[in-house]
Amino acid sequence: MILVKTEAGQQVFKDRSVRLTPRQRSAFILFDGKRSVSEVLEAGMGIGREDIDQMVEQGLLGQVGGMAEAANAGTVAMPAGPTPSPARQPERPVAATLHVEASATHAMGLPSAQQRYKDAYPIATQLTGSLGLRGFRLNLSVEGTSTYEELLALAPKIRAAVGDDKAVALDRALGI
């Protein structure tokens, strides 16, 4: 299977509005519509199928000639590979597992910590990025977060740097 960057993926890559690990960013570059998923996995970037599933679910990658429709329909296509033997069942993609957990949490009316992080991260990067050189270190700290708790710990510093008025959207996204 051959994947290619979507327009949304290219925009996210430029503005860093979605957190990608350094390995994901490096592998993302390799998805040029010419290399197969197997070739990217074997390129030695340290990326796994779970990372690729995540980028597909987020709409950053799409299959040449139709993956975007499958992603929009809520299905995550796995790269083609050998058919698993009956003794070993294929692992459930991380993206599908997260979707089920998020759906259960959403059904209860409570956003998960992961969802709050996903909502708050782009706001935090935008706020700290707007500070220019003055907020450079704070912006790096935000980009270094990978959990809700880490971002929540930085919220007071962000609020102090940008002011209470601008931090309202971040507070709302974090649920504080």
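This is a predicted model: local features need pLDDT of at least 70, side-chain atom pairs count only at pLDDT 80 or more; totals for chains, interfaces and linings use all residues.
A crossing of two helices is called left-handed if the near helix is turned anticlockwise from the far one by less than a right angle.

In the pair formed by α1 and α2, α1 passes α2 in a left-handed crossing. The axes of these two helices come within 12 Å and cross at roughly 135 degrees. Angles over 145 degrees count as roughly antiparallel and those from 65 to 115 as roughly perpendicular, and α1 is therefore oblique to α2. On the side of α1 the contact is made by G9, Q10 and F13, while α2 contributes R25, F28 and I29. Sorted by class, the residues of this contact of α1 with α2 comprise three nonpolar, two polar and one charged.

A pair of aromatic rings is described by the distance of the centres and the angle of the planes. The structure holds two aromatic pairs, and one of them joins F13 and F28, whose rings are stacked, with 5.2 Å from centre to centre and 20 degrees between the planes. This pair links distant parts of the chain, since F13 belongs to helix α1 (residues 7-15) and F28 to helix α2 (residues 22-30), the two being 15 residues apart.

From α7, the residues Y121, A124, T125, T128 and G129 make the contact, and they meet L138, N139, V142 and E143 of α8. By class, this contact of α7 with α8 has four nonpolar, four polar and one charged residues.

The other partner of α7 considered here is helix α9 (residues 148-162), with which α7 packs at an angle of about 30 degrees and an axis separation of 10 Å. Because angles under 35 degrees count as roughly parallel, α7 is described as roughly parallel to α9. Here too the crossing is left-handed. The contact draws on A113, R116, Y117, A120, Y121, A124, L127 and T128 of α7, and on Y148, E149, L151, I158 and V162 of α9. Its residues divide into 10 nonpolar, one polar and two charged. Y121, A124 and T128 of α7 take part in the contact with α8 and also in the contact with α9.

Three strands form an open sheet in the order β2-β1-β3, and their pairing is antiparallel. Strands β2 (32-36) and β3 (61-63) stand at the edges with a single partner strand each, so that one side of each is left without a neighbour in the sheet. From one strand to the next, the twist averages 35 degrees. Strand β1 (residues 2-5) pairs with β2 in the antiparallel sense over two bridges, and with β3, likewise antiparallel, over three bridges.

Terms used. Residues are numbered from 1 along each chain as its sequence is written. Side-chain values use heavy atoms; hydrogens and water are left out. Two strands pair if DSSP finds at least two bridges between them. Helices (H or I, at least four residues) and strands (E, at least two) are DSSP runs, numbered from the N terminus. Axes are lines fitted to C-alpha atoms, for helices over the stretch in contact, and angles run from 0 to 180 degrees between N-to-C directions. Contact means heavy atoms within 4.5 Å. Ala, Val, Leu, Ile, Met, Phe, Trp, Tyr, Cys and Pro count as nonpolar, Asp, Glu, Lys and Arg as charged, and the others, Gly among them, as polar. Rings of Phe, Tyr and Trp (its six-membered ring) pair if their centres lie within 6.5 Å; planes under 30 degrees apart count as stacked, over 60 as edge-to-face and the rest as tilted.
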